[in-house]
Amino acid sequence: MKSKIIGSIVAVMFMFVASAAMAGGHVTPTAPADYLSKKAPKKASKKALEKGAKTYKKKCKKCHGSKGDGKGTSAEGLKVAPTAFSAAGYMKGRSDGQLYWIIEKGSEGTDMEAFGLGTDANLSEKKIWRVIQYMQKEFTK
Ligand code: HEC
């Protein structure tokens, strides 16, 4: 019984390490439950999308690239590569709340800084949703 339990713990640990190794040693953290349940506003007006595009170009493009492929001008040589949003299926696999959390709080140990209120960028909730809606519209493949 005991060895069975230890066996499954070892197996789970192995799977974790193997998937981390495939991602170059880094696993993007998952948002806490209270963030995962957040939902983007249902409709994005033309104006909201334009504003989201502006924020993206000003603050995100240099790493994530104008096409969302993760190949911005500042992307090269970063320890953890900027996420390629335009990769097939990527945006479909990320919930609104997960995207929101990383943009607001950043991802520790990577160059993905926090952009929420109180940071240098100081993006309000509304501005974060607009940039998310822009990204979902432009980069979903
Ligand atoms: C200095 C480079 C840099 C800039 C600028 C930057 N990012 Fe990132 N971003 C990263 C890196 C590196 C990661 C990968 C983090 C990880 O995997 O933990 C990332 C990851 C992400 C993710 C992935 C979350 C997930 O769960 O898949 C989102 C969404 C994101 N960034 C949005 C943005 C937005 C929006 C902006 C602009 C407001 C921005 N980023 C600006 C480097 C950057």
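Entry one. I looked up the handedness of the crossing between H5 and H6, and I noted that this crossing is right-handed. I kept in mind throughout that I was reading a predicted model.

Entry two. I then turned to the geometry of the pair, and found that helix H5, residues 96-105, packs against helix H6, residues 125-139, at an angle of about 125°, while their axes lie 10 Å apart. Because angles of 65 to 115 degrees count as roughly perpendicular and those over 145 as roughly antiparallel, I wrote down H5 as oblique to H6.

Entry three. Which residues make this contact? On the H5 side I listed Asp96, Leu99, Tyr100, Ile103 and Glu104, and these meet Glu125, Ile128, Trp129, Val131, Ile132 and Gln136 of H6. Sorted by kind, the residues of the contact come to 7 nonpolar, 1 polar and 3 charged.

I next followed H6 to helix H3, residues 46-59, where the two axes come within 7 Å and cross at roughly 90°, so I recorded H3 and H6 as roughly perpendicular to each other. From H3, the residues that meet H6 include Ala48, Leu49, Gly52 and Tyr56, and among their counterparts in H6 are Arg130, Val131, Tyr134 and Phe139. Here the contact divides into 8 nonpolar, 3 polar and 4 charged residues.

For His26, I found a polar side-chain atom 2.5 Å from a ligand oxygen atom, and for Arg94 the corresponding distance is 2.7 Å.

Terms used: Residues are numbered from 1 along each chain as its sequence is written. This is a predicted model: local features need pLDDT of at least 70, side-chain atom pairs count only at pLDDT 80 or more; totals for chains, interfaces and linings use all residues. Side-chain values use heavy atoms; hydrogens and water are left out. Axes are lines fitted to C-alpha atoms, for helices over the stretch in contact, and angles run from 0 to 180 degrees between N-to-C directions. Helices (H or I, at least four residues) and strands (E, at least two) are DSSP runs, numbered from the N terminus. Angles under 35 degrees count as roughly parallel, over 145 as roughly antiparallel, 65 to 115 as roughly perpendicular and the rest as oblique. A crossing is left-handed if the near helix is turned anticlockwise from the far one by less than a right angle, and right-handed if clockwise. Contact means heavy atoms within 4.5 Å. Ala, Val, Leu, Ile, Met, Phe, Trp, Tyr, Cys and Pro count as nonpolar, Asp, Glu, Lys and Arg as charged, and the others, Gly among them, as polar. A polar contact is a pair of N or O atoms within 3.5 Å; within protein, one must be able to donate a hydrogen and the other to accept it, and residues adjacent in sequence count only if both atoms are side-chain atoms.
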